[in-house]
Amino acid sequence: EHDLNEAYAVFENDKERKIRDFEQVRQEIDRLTDQVAGKNKGIIDSPIVLTIYATQCPDLSLIDLPGITRVPLKGSDQCEDIEMLTRQMALRYASDPRTIILAVIPANVDMSTSDALQMSRRVDPRGVRTIGVITKIDLMDRGTDAAKMLMGEEIPLRLGYTGVRNRSQADIREGKSVRECLEEEKTFFATHPTYRLLPPHLVGVHSLVDKLTKVLFRHIKNFLPEIKREISSKTRVVLDRLQELGEGVPMEPSERAQLLWTAITDYVEIFKNTIRGKYDKRLQMYFEHV
């Protein structure tokens, strides 16, 4: 028996299987990655789709993209045009005006060289759907901090930045849970001499989730009229097509005879209209679907 409130994951390639142990989820992601991209750091444009069901999670769809890889690693499965592949992949998703962009920038590098910020400015020049995420804050050189980055004093961003402290590879190898790492992140920011003085919404995964949820809600609200128009338009197209197809073939012989007679009558009428040079929409629909 399982708690109904317990979170579980489902992979698209095996929808009947519910995985409640998220360590198994991580292992399955690794296995599928090796299966589709090879075991030697290959990158291909084929997504692994994973759905997580939980009462405590926000209703979000996340797309995790690889960073822009400029040069293929020696001895790897990466192709020679790896930069073009990764750049085009990122652009395809980021160009969708309904997508919220999380521009991930390491705190220990010069943010003016960030590919993520450069690309987001290209596809979102007004900055209405780009949130900056500053990572590796705990790996900065001693005596330095990311306060100016978080405050937007180096490169301003309309929706601002949020700093996070992710699990390290050592944490993953040691089997440290996400919950434990979130507690460590909270302690890190609360005790840091600089970050503890910043506004709370600028740091922490929970702050990022809250900001992302609010931005997404506002974004959906703005796009809702367009979405409704798009649904109505597609519905009309489908209904028109169904009308063109007509009723299904009846089972009774008498009804089949009537259907055949109606089809012959329509054909004769269309033929007469064509000879007379009279426009008949049915003829146009016929040529569109032959």
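This is a predicted model: local features need pLDDT of at least 70, side-chain atom pairs count only at pLDDT 80 or more; totals for chains, interfaces and linings use all residues.

Residues are numbered from 1 along each chain as its sequence is written, and side-chain values use heavy atoms, with hydrogens and water left out.

Let us start with the domains. The chain is divided into domain 1, residues 96–244, and domain 2, residues 247–288; such bounds come from an automatic or database domain assignment. The centres of the two domains, taken over C-alpha atoms, are separated by 58 Å.

I turn now to the strands. Helices (H or I, at least four residues) and strands (E, at least two) are DSSP runs, numbered from the N terminus. Two strands are said to pair if DSSP finds at least two bridges between them. I shall also speak of burial: buried means under 20% relative accessible area, exposed means over 50%, and partly exposed lies in between, with a 1.4 Å probe and protein chains only.

Strand β1 covers residues 8–11; Y8 and V10 point one way from it, A9 and F11 point the other way, and all are buried. Which strands does β1 pair with? With β3, residues 50–53, the pairing is antiparallel over 4 bridges, and there V10 has T51 as its bridge partner. With β2, residues 14–19, the pairing is also antiparallel, over 2 bridges, and F11 stands opposite D14. β1 and β2 form a hairpin with 2 residues between them.

L32 belongs to helix α1, residues 22–37. Because its relative accessibility is 6%, L32 counts as buried. Leaving out residues up to four places away in sequence, L32 touches F11, N13 and I48, where contact means heavy atoms within 4.5 Å.

In a regular strand the side chains alternate between the two faces of the sheet. β4 pairs with strand β5, residues 130–135, in the parallel sense over 6 bridges. In that pairing, P106 stands opposite T135.

Next, helix α6. This helix has 14 residues and reaches 20 Å from its first C-alpha to its last, close to the 20 Å expected at 1.5 Å a residue; the expected span is 1.5 Å times one less than the number of residues. Which residues of α6 are buried? They are C181, E185, F188 and F189. These residues cover an arc of only 85° around the axis, which puts them on the same side of α6; the arc is that of the directions from the helix axis to the C-beta atoms. On the other side of α6, R179, K186, A190 and T191 are exposed. The buried residues of α6 pack against β6 (161–163), α5 (169–173) and α7 (205–245).

We come to the cores. A nonpolar core is a set of buried Ala, Val, Leu, Ile, Met, Phe, Trp, Tyr and Cys residues joined through side-chain atoms within 4.5 Å. The largest one has 20 residues, and I134, I137, Y161 and Y195 touch the most other members. β4 (101–106), α4 (147–150) and α6 (178–191) each supply at least two residues of this core. Apart from it lies another core, of 8 residues, among them L159, V164, L208 and V215. As for Y161, its contacts beyond four places in sequence include I105, I134, M149 and L202.

Finally, a few residues in loops. K136 lies in the loop between β5 and α4. Its phi is near 55°, a positive value in a residue other than glycine. Most residues other than glycine have a negative phi. K136 counts as partly exposed because its relative accessibility is 42%. T144 is found in the loop between β5 and α4, and this residue is partly exposed, with a relative accessible area of 40%.

P97 sits in the loop between α2 (82–94) and β4. At 43% relative accessibility, P97 counts as partly exposed. Its contacts, leaving aside neighbours within four places in sequence, are R129, H219 and F223. Thank you for your attention.
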